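Subject: Handover of a structure

Dear colleague,

Please find below the structure that I am passing on to you.

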Amino acid sequence: MAIRIKTTQKILLLILTGVLLLCLAASVLVDGLLLPVRVVGASMAEAFLGPHYRVTCPQCRYRFAVDATLLPPSQKVGCPNCGHQNIELENASVQPGERLLVDRWTYRFRDPGRWEPVLFRSVDPPLEYCLKRVVGLPHERVQIVAGDVWINGQCVKKDWSTLRPMAILIHDASSDAPRRDIPSRWRPVTQVNRWKKRERGFRFSRNPATDVSEGTGWIGYQHFDFVRGVPRERERITDNYAYNQTLSRSLSSMSDLILSARVRSQGGGTLKFRLGTCELQLDASSQRGLLLHENCPVAQCVWDGKRISRDTRLEIAVVDRQFFFVIEGEVLLRYDLDKSNLDKSDLDESLGSADHQEGANPAGNTMSLDPRWYLAIGAKNLDLDVTEVQILRDVYYTDRIVGVARTRRGECQLGEGQFFVLGDNSPLSLDSRREGAGSLMERADIRGRAVRWR
Ligand SMILES: [Zn+2]
């Protein structure tokens with residue numbers, strides 16, 4: 001039997017609900033279940049910025065943030081993108097640290113998860129609210145190996161939604177400065193040279209003679225770093241932190257990279273991306289994607305070829321020994337590069353004709369790409385526009401912390417209620433890499449979950 005509620009009862013019910021909601025809101029504000037705080041340090045940059053300057057390079061127009069709490073005595077900074085030095089900060093104003101809400105509610109019911117940013121009471125330095133990221137959970141064995149976090153002897157593999165917001169920009173080709181002493185970092189590297197530079201990117205035009213079968217035309221990336229503005233050609237990409245302008249330390253070679261670009265193509269040819277030992281081949285007519293690892297086909301995916309006939313953001317990544325292929329934020333292919341026992345039956349036999357045999361073309365067509373090109377974009381038999389080409393890197397956890405004499409060596413065994421925490425700005429973050437139990441986060445000291453206040 002249906003229950004009929006009279007109008008007066010309905011009104012009473014509404015008033016009661018309203019009063020309850022008001023009480024809840026008041027309790028949240030009075031009890032401080034959501035407490036506003038402001039970031040004051042540099043150790044979680046660039047995900048969470050403390051007081052900083054927003055700098056636009058006068059030479060290449062690249063925009064970047066610089067720590068305002070540690071500035072060079074000259075008050076001048078260098079551009080990480082084009083190497084231009086002596087950028088004056090005189091006209092820039094300090095931006096305050098980011099505002100956060102401390103969610104004191106969530107961790108009453110569960111422990112923090114891996115990669116979550118957490119606020120806790122720290123003993124050294126003495127702080128009521130210290131912000132770090134949780135990487136190791138109670139009873140786990142934690143070790144930093146070549147910039148990555150290893151748990152119980154295995155490299156921890158972040159998922160895309162965790163790693164992408166943590167990524168740090170290395171180079172943006174749309175802000176590639178015209179400097180006489182540095183050639184363009186992206187350049188044609190094969191005989192099939194149908195690549196041309198265009199505004200904010202590059203264009204590949206197929207051979208108008210359709211009966212001519214050509215190999216793949218590639219552009220490759222040459223890295224530079226800068227010592228006092230002097231460019232040095234580098235074979236590998238290093239973990240520069242532009243945020244830390246005063247820091248002097250040795251840079252580490254990086255392999256965890258993301259290549260991001262907007263792509264628009266016409267024609268049924270092939271688009272290729274090389275990242276280290278991985279190569280992704282996207283065939284526009286069959287709408288198949290094929291992943292090669294060390295020249296062997298290892299995985300495939302189906303993708304909607306129409307998507308790149310429009311202007312579409314494609315991202316290729318090798319991070320934490322796994323490969324990602326992402327279109328407009330949607331992960332189409334994720335492959336574990338540690339997978340040793342590959343089941344070849346997973347692969348479609350029709351891919352036997354794939355382009356990966358191009359290098360061994362019996363016609364003597366030597367179009368295979370020199371392995372020294374760690375990052376490269378290739379095209380074959382299609383018209384292609386590539387714009388907004390960016391290279392980003394994963395956070396690299398350094399062995400040493402500036403100003404700290406000793407850091408942990410080997411594995412750290414966590415006990416009951418202990419968490420291993422790290423700052424994203426690894427070279428200067430005072431975190432669990434330091435020796436001594438006080439550097440770990442204890443469950444009792446957790447103050448809450450860090451929530452962005454936008
Ligand atoms: Zn610049």
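L275 touches L257, L259, I316, V318 and L375, leaving aside residues up to four places away in sequence; two residues are in contact if their C-beta atoms, placed from the backbone, lie within 7 Å. L275 is also one of the residues that touch the most other members of the largest nonpolar core, a group that includes L257, L259, I316 and V421 as well. This core holds 93 residues. A nonpolar core is here a set of buried Ala, Val, Leu, Ile, Met, Phe, Trp, Tyr and Cys residues joined through C-beta atoms within 7 Å. A residue is buried if 20 or more other C-beta atoms lie within 10 Å of its own, exposed if 12 or fewer, and partly exposed in between, with C-beta atoms placed from the backbone. Domain 2 (100-156 + 402-452) and domain 3 (168-341 + 364-393) both contribute residues to the core, so it lies between them; the domain bounds come from an automatic or database domain assignment.

Please note that this is a predicted model, in which local features need pLDDT of at least 70 and side-chain atom pairs count only at pLDDT 80 or more, while totals for chains, interfaces and linings use all residues. Residues are numbered from 1 along each chain as its sequence is written.

The pLDDT is the predictor's confidence in each residue, from 0 to 100. Its mean over the chain is 85, and 86% of the residues reach 70 or more. Among the elements of the chain, strand β30 (residues 418-422) has the highest mean pLDDT (98) and helix α1 (residues 7-31) the lowest (63). Over residues 359-367 the pLDDT is below 50, and this stretch has eight contacts in the model beyond near neighbours in sequence. Where pLDDT is low, the predicted coordinates should not be read in detail.

As to the chain overall, it has two helices and 32 strands; helices (H or I, at least four residues) and strands (E, at least two) are DSSP runs, numbered from the N terminus. Of its 454 residues, 35% count as buried.

Seven strands form an open sheet in the order β13-β16-β27-β20-β21-β22-β23, with antiparallel pairing; two strands pair if DSSP finds at least two bridges between them. At the edges stand β13 (186-188) and β23 (296-302), each with a single partner strand, so one side of each has no neighbour in the sheet. Within this sheet, six bridges join β21 (residues 278-283) to β22 (residues 288-293), and Q281 stands opposite L290 in β22. Six bridges also join β22 to β23, where H293 faces C296. β22 and β23 form a hairpin with two residues between them, and E294 in the turn has a positive phi of about 50°.

Another open sheet of seven strands has the order β1-β6-β32-β7-β8-β30-β31, again with antiparallel pairing. Its edges are β1 (34-38) and β31 (441-442), each with a single partner strand, so one side of each is left without a neighbour in the sheet. Strands β6 (residues 99-103) and β32 (residues 446-452) pair over four bridges, and L101 has V451 as its bridge partner in β32.

Finally, V402 lies in the loop between β28 (383-393) and β29 (412-413). V402 is partly exposed, with 16 other C-beta atoms within 10 Å. It touches L247, R249, P427 and L428, not counting residues up to four places away in sequence.

Yours sincerely
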